[in-house]
Amino acid sequence: MDDLWGRLRVRAVPLLAAGVTVAAGLGVRSVLGGDVAKYAGDALYTVLVYALVVLVAPRIAPGRAAVVAAGLSWAVELFQITGVPDELGRRSVLARLVLGSTFNPLDLFWYLVGAAFAALAHRVLRTAKAAWTARVARAARKAAAPGAA
């Protein structure tokens, strides 16, 4: 049971990040318009892919997760050149949301921005967690030391 709880706890942060990212994407689309919303959406698309990569592989390094997320985003964008995503998107809202419809070379840049942002946030969270864990361990050692109050 402890092993199951540990696996669930490790996946809670990327799952929460995925939910926050979807909410941010919907919020950006509802508040902003035009190119700002479009390119913010592109970056957030890759942030979501990044969160899903970390959900599947929680111990992945931030740099590697960024490369995977950007690579998957680029693959989807390049797939749009074939016209297949556009055709699928006409039949399914989900396909349109996941695959997009038309190729735009500038999207490739914004996917890199999203991957870099996600990797930076991941690194900051890992560093903060490591610092917190070290602080708790020092306090526990100090409290357990002979002669401690």
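Contact here means heavy atoms within 4.5 Å, and every contact described in these legends belongs to a predicted model.

View 1. D42 is placed in helix α2, which runs over residues 34-56. With residues up to four places away in sequence left out of the count, D42 touches D107, W110 and Y111. The relative accessibility of D42 is 8%, and D42 therefore counts as buried, since the term buried is applied under 20% relative accessible area.

View 2. Once its neighbours within four places in sequence are set aside, T21 is in contact with L44, V47 and L48. T21 counts as buried because its relative accessibility is 8%.

View 3. E87 forms a salt bridge with R90, where the closest N and O atoms are 3.9 Å apart, a distance to be read against the criterion that the nitrogen lie within 4 Å of a carboxyl oxygen. E87 and R90 are three residues apart in helix α4, about one turn of the helix. E87 also forms a salt bridge with R91, and here the closest N and O atoms are 2.9 Å apart. E87 and R91, both in helix α4, stand four residues apart, again about one turn of the helix. As for exposure, R90 is exposed, with a relative accessible area of 60%, and R91 counts as exposed at 64% relative accessibility. E87, by its relative accessible area of 35%, is partly exposed, and D86 counts as partly exposed at 23% relative accessibility.

View 4. Leaving aside its neighbours within four places in sequence, D86 is in contact with G100 and S101. The C-alpha atoms of D86 and F103 are separated by 9.7 Å, the two residues being 17 residues apart along the chain. F103 is also one of the residues that make a nonpolar surface patch, which is the topic of the next view.

**View 5. Nonpolar surface patch around I81.** W74, L78, I81, F103 and L112 together make a nonpolar surface patch of about 450 Å². Among these residues, I81 lies in the loop between α3 (62-79) and α4 (84-91). I81 counts as exposed because its relative accessibility is 56%, the term exposed being used over 50%. For the protein chain as a whole, the accessible surface comes to about 9800 Å², and carbon and sulfur atoms account for 72% of that area.

**View 6. The whole chain, as context for the close-ups.** The protein chain contains six helices and zero strands, and its elements follow the pattern α-α-α-α-α-α when read along the sequence. Its radius of gyration is 20 Å, well over the 15 Å that the globule rule gives for 149 residues, so the protein chain is more spread out than a compact globule. Taken along the principal axes, the C-alpha atoms fill a box of roughly 70 × 35 × 25 Å. Of the 149 residues in the protein chain, 29% are buried. Among contacts with a separation of 6 or more, residues 24 or more positions apart account for 64%. The mean pLDDT of the protein chain is 89, and 95% of its residues reach 70 or more.

Key. Residues numbered from 1 in each chain as written. Predicted model: local features only at pLDDT ≥ 70, side-chain atom pairs only at ≥ 80, totals over all residues. Heavy atoms only, no water. Patch = residues over 30% accessible without salt bridge, like charges linked within 9 Å, V, L, I, M, F, W, Y side chains within 5 Å. Areas by Shrake-Rupley, 256 points an atom, 1.4 Å probe, with all protein chains shown as cover. Salt bridge = Lys/Arg side-chain N within 4 Å of Asp/Glu carboxyl O. Helix = DSSP H or I, 4+ residues; strand = E, 2+ residues; numbered from the N terminus. Buried < 20%, exposed > 50% of the residue type's maximum accessible area, 1.4 Å probe, protein only. pLDDT = per-residue confidence, 0-100. Rg over C-alpha atoms; globule rule 2.2 N^0.38 Å.
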